[in-house]
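Subject: Structure for you to look at

Hello,

Here is the structure I promised. Please open it and keep it on screen while you read my notes.

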Amino acid sequence: MLDRLSEIVPDYPSEGISFKDLTPVFADAQGLRRIVDEVIAPFAGTFDVIAGLEARGFVLAAAAAYATGTGMITIRKAGKLPRAVHRDEYTLEYGTGVLEIHRDDIAPGTRVLILDDVLATGGTVGSAVRLLEIAGAKIAGIGVVLELDELGGRKKLAEHKVHSLQLV
């Protein structure tokens, strides 16, 4: 299903990168339901809230939060949140970035499931883990749709349960 519905975009976001675009999967009602159900299944009963990474992680996290009756935390790129934030700078396969969360969005001890579309080098997801831990959260696990195995992101997250739907 992922291969049938997703699109490969060459040289995006920079030359030499082949980007697997999941937005056609999100647009397909059955495809969206299936990936949400499959990405959260291994974590059933282990989380209180779901965190989604900007931007495609928001789609997964919102759908999963609705499906499980939990809340959702947005992990945003720098400068997008209006209140006091925790901030983390990270490296990724094609540059650097900064993620932020509101300081008061999560109570200490809350069990959080992190969802995103792709695990590549582990930079972005690792940053989300650090932000949530700074806020006092406990990481229930990490769910992604695609994992770029050759970039080694899973190794950077070795102390956490990581579930991916497809190795690329």
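Is Asp 48 buried, partly exposed or exposed? Asp 48 has a relative accessible area of 36%, so it is partly exposed. Bear in mind that this is a predicted model.

**Salt bridges**

The structure holds 10 salt bridges. One of them joins the side chains of Asp 48 and Arg 111, at 2.8 Å from N to O. Arg 111 sits in strand β7, and Asp 48 in the loop between α3 and β3, so the pair ties together parts 63 residues apart in sequence. Arg 111 is partly exposed because its relative accessibility is 32%.

Next, find Glu 100 and Arg 87. Their closest N and O atoms are 2.9 Å apart, in a salt bridge. Glu 100 belongs to strand β6 and Arg 87 to strand β5, so this pair links parts 13 residues apart in sequence. Glu 100 is buried, at 6% relative accessibility. Arg 87 is exposed, with a relative accessible area of 53%. Salt bridges with shared partners also join Arg 83, Asp 104 and Asp 105 into one network.

Helix α3 has a pair too. Glu 38 and Arg 34 meet in a salt bridge of 2.8 Å, N to O. They are four residues apart in the helix, so about one helical turn separates them. Residues three or four places apart in an α-helix point the same way, because each turn takes 3.6 residues.

**A buried charge**

Asp 116 lies in strand β7. It is buried, yet it has no salt bridge. The nearest side chain of opposite charge is Arg 56, 6.2 Å away. A salt bridge needs the atoms within 4 Å. Further along the sequence, the contacts of Asp 116 include Leu 53, Thr 124 and Val 145.

**Helix α5**

Helix α5 has 12 residues and should span 16 Å at 1.5 Å a residue. Its end C-alpha atoms are 16 Å apart, which agrees. Among its buried residues are Val 125, Val 129 and Leu 132. Just after α5, Gly 136 takes a positive phi of about 95°.

α3 gives the most, with five.

Best wishes

Key: Residues numbered from 1 in each chain as written. Predicted model: local features only at pLDDT ≥ 70, side-chain atom pairs only at ≥ 80, totals over all residues. Heavy atoms only, no water. Helix = DSSP H or I, 4+ residues; strand = E, 2+ residues; numbered from the N terminus. Expected span 1.5 Å × (residues − 1). Buried < 20%, exposed > 50% of the residue type's maximum accessible area, 1.4 Å probe, protein only. Lys, Arg positive; Asp, Glu negative; His and termini not counted. Contact = heavy atoms within 4.5 Å.
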